[in-house]
Amino acid sequence: MTDNAITGFDPNEKPAGAHQAEAASFGGVGMKIAGYAGMVAIFLLVALPLFWIVVTSFKEKPDIYTQPAQWWPANPTTEGYKSATTEIDFWAFFRNSVIITVLLSIAKIVLGVISAYALSLLRFPGRNLVFLVVIAALMVPNQITVISNYALVSQLGWRNTYQGIIIPLAGVAFGTFLMRNQFLSVPGEIIEAARLDGAGPLKLLWRVVLPMSWPTLIAFSIITVVNEWNEYLWPFLMSDDSRVGTLPIGLTQLQNNDGITNWGPVMAATVLAMLPVLIVFLALQRHMIKGLTAGAVKG
Amino acid sequence: MTATPQSSSVAPRSGPPEPVGAPPKRSGRPYGEWLLAALLLLPNLALLVIFTYRPLADNIRLSFTDWNISAPVAHYIGFDNYKTWWHDPNAHEVLKNTLIFTVATVGISMALGLALAILLDQQLRGRNLVRSAIFAPFVISGAAVGIAFQFVFDPNFGMIRDLFDRVGITVPDFYQRPGWALFMVTATYIWKNLGYTFVIYLAALQGRRADLDEAAEIDGASAWRRFTKVLLPQLRPTTFFLSITVLLNSVQVFDIINVMTRGGPQGYGTTTLVYQVYRETFVNSRAGYGATIATIMFLILLVITVVQVRVMDRGMRRD
């Protein structure tokens, strides 16, 4: 089931043609063993560092600084988690991350949907030009715009405010592109029928087009939430402390607290920062993959 | 989203005396739609213009000034910043770092992503677990990954030190040696982003099955021949798409470098163009110079992207 979930395709169903030929060449016992060896190797490569981080977060301080290292905490403790959440204002950073992610995601999803709708199903002069202006923004790296934006937002007195972080990031290029492709794929007859039934443009969007676009909308939403939760450069430049700083900024602060890094609490805080997004990922990965690949296939 | 009473959708038909709504609306539609479209597009367009296109242009203006980010005034100094950059002894090192980092991350993550996609496209038990595992790091924040991997690479008490010790290899000093520090951030970046190329290639491999004939034709050719003659050409659009997106992302790396090395060791050991923009602008208070480097970087990216798109067009036409 998960196989279908991730790939949307079950190779067992169509064992013909190219795939069979492939299976023949890669299907020998030797190749099978090599395949499993490769799988184990890549799994260890990904999982070992994560395991190491989690184990370290539960170690007592002296146990972290031993050679050879302990791969299982000799004296498991949650001290690291306690100091991680007290040395910095962890929950304030966490709260800021939640607030900024929620507001920014809502803004981006709404803006993406209404822009995509206008660019796909409404007719007006210059539509293609406007679409080009929107997606060309994808080619402009954030890092090039930060200098001037920093000056602008500082002048407004918006440093260390939520709006200073959220508003400059709220423009949507990728989501508009993704949702526009989706809306264009809604069959024309359905839209014509709805129009003949007297549905106005907004009703058409809300009652007809959106309900047919849930999967793409969900994919777009998840990608947005994950991206905004992980956003680093702009919040880093806009915030000095836990007033509006997000979790990654809190982590950086903990890391620098005193010349020498105290790895136990730092690893504990890192685990806490990774957990929410990993949980979201495990629950919804197939939607996310769908969104990413839709952009790629149609791009 | 269950259907609410049909009242709305059926009403115009069943309400006979009403001025049927449709004809007048239709004649008025173009203008009405134009207005609505403007209304729906305006907020997003305004945001993109103010916070993406305006700063892009402003950045070019700033690159001709001596602005220091906090002063209210900036003086026009012509091409001085560009001349400074041309003679900056660090600029050479930064370009070299950017080139190594970008080529390594783009090349390795694409080659490895494709290899893993082919591997995990086979009928292997437990492949879903491994697929998820490869993709998982992609969703974690770069800052968290960077901080975690700083300890993984710790030359005294880190994981890699311990593994190397167990097989009797001396671990290099990832913190102090510039070359090894660059290796560290590169490896960390690949670890985090491998899932993206993997997932895209896997989707492409699965979509490819639709056209079976071509491959069946060459049935009997060696696996390598089929890989180079059939599979790679089939995946060409995906490869081009990835080469552009992965390159753009990779050039923009900031979080991992900022938390792991702050551009060091020994001055500019792991400083890439983007990180140099940040350092000059916000650390050294030379915003005019930072804007100059940002402009140069944008021009380089523009040229590369245009070349890539050209190559892609030609490749498509050949097919």
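Me: How many residues from chain A and from chain B are in the contact?

Reply: The contact takes 89 residues from chain A and 85 from chain B, where two residues are in contact if their C-beta atoms, placed from the backbone, lie within 7 Å. Bear in mind that this is a predicted model: local features need pLDDT of at least 70, side-chain atom pairs count only at pLDDT 80 or more, and totals for chains, interfaces and linings use all residues. Residues are numbered from 1 along each chain as its sequence is written, and chains are lettered from A and ligands numbered from 1 in the order in which they are written.

Me: Which helix of chain B gives the largest share of the side that touches chain A?

Reply: Helix α2 (residues 22-62) of chain B, with 20 residues. Helices (H or I, at least four residues) and strands (E, at least two) are DSSP runs, numbered from the N terminus. By class, the side of chain B that touches chain A has 56 nonpolar, 19 polar and 10 charged residues. Here Ala, Val, Leu, Ile, Met, Phe, Trp, Tyr, Cys and Pro count as nonpolar, Asp, Glu, Lys and Arg as charged, and the others, Gly among them, as polar.

Me: And what's the secondary structure of each chain?

Reply: Helices and zero strands: 16 helices in chain A and 14 in chain B.

Me: What's the pLDDT of chain A like?

Reply: The average is 86, and 88% of the residues score at least 70; pLDDT is the predictor's confidence in each residue, from 0 to 100. Watch residues 1-25 of chain A, though, where pLDDT stays under 50. The model has 31 contacts beyond four places in sequence for that stretch.

Me: Switching to domains, how is chain A divided?

Reply: Into domain 1 (2-83) and domain 2 (85-298), with bounds from an automatic or database domain assignment. Domain 1 puts 14 residues into the contact and domain 2 puts in 13. On the domain 1 side, α5(A) gives the most, with five residues.

Me: OK, helix α12 of chain A. Which residues are buried there?

Reply: In α12 (residues 201-209) of chain A, the buried ones are A:Leu204, A:Leu205, A:Val208 and A:Val209. They sit on the same side of α12(A) because they cover an arc of only 115 degrees around the axis, taking the directions from the helix axis to the C-beta atoms. The buried residues of α12(A) pack against α6 (90-121), α10 (174-184) and α11 (188-196) of chain A.

Me: What about α11(B), which residues are buried in that one?

Reply: B:Thr238, B:Thr239, B:Leu242, B:Val246, B:Ser250 and B:Val251. Their arc is only 155 degrees, so they are on the same side of α11(B) too.

Me: Last one: where is A:Glu60, and what does it touch?

Reply: A:Glu60 lies in the loop between α3 and α4 of chain A. Not counting residues up to four places away in sequence, A:Glu60 touches A:Asn75, A:Thr77 and A:Glu79. A:Glu60 counts as partly exposed because it has 15 C-beta neighbours inside 10 Å.

Notes:
Buried ≥ 20, exposed ≤ 12 C-beta atoms within 10 Å, placed from the backbone.
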